[in-house]
Amino acid sequence: MKNLLYSVALCLSVLFVLAHINEAVIPCGTVDMKAAACISFAAGKDAKPSAPCCNGLQQLAQNVKSVDDKKAICRCLKAGVKNFVGVQDRFLSQLPTACKIKVGFPVSMNTNCETIRT
């Protein structure tokens, strides 16, 4: 009986680990590619986000499967905007509303991605 309990516990532990390994985390290359068309708007050069910008962000939003995906996207976006001169928070924060997407966290260069919970 004791061996059976240990075996069940081991199997459950392995399943738990495998479940977390298989969680999708969206790579930064994908995030960068989908959000690249938004740079002109984020820098204040365009009055509204372009269709490719919103389409890319909508595709990203559709691929979110977990809170870890949201955190990964947040980290990628924060790292990516540092590479572009002129990107401004006031424009970044308008992207979700302008593109009609719900992201569940404030879009800002100052967002603490690790505090995203939903």
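I looked up Cys113 first: at 5% relative accessibility it counts as buried (under 20% relative accessible area; exposed is over 50%, partly exposed in between, with a 1.4 Å probe and protein chains only). The model is predicted, so I note that local features need pLDDT of at least 70, side-chain atom pairs count only at pLDDT 80 or more, and totals for chains, interfaces and linings use all residues. Residues are numbered from 1 along each chain as its sequence is written, and side-chain values use heavy atoms, with hydrogens and water left out.

Disulfides. I searched the whole structure and found 4 disulfides (pairs of cysteine sulfur atoms within 2.5 Å). Counting bonded cysteines along the chain, I get the pattern 1-6, 2-3, 4-7, 5-8.

Cys74 and Cys113. I find their sulfur atoms 2.0 Å apart in a disulfide. The link is left-handed, with -75° about the S-S bond. Cys74 sits in helix α5 and Cys113 in the segment after α7 (95–98), 39 residues apart (helices are DSSP runs of H or I, at least four residues, numbered from the N terminus). Cys74 is buried at 3%.

Cys28 and Cys76. The torsion about the S-S bond is about -85°, so I log this disulfide as left-handed. It links helix α2, which holds Cys28, to helix α5, which holds Cys76, 48 residues apart. Cys28 is partly exposed at 37% relative accessibility, whereas Cys76 is buried at 4%.

Cys38 and Cys53. I read 100° about the S-S bond, and the link is right-handed. Cys38 lies in the loop between α2 and α3 and Cys53 in helix α4, so the pair ties together parts 15 residues apart in sequence.

Notes:
Helices (H or I, at least four residues) and strands (E, at least two) are DSSP runs, numbered from the N terminus.
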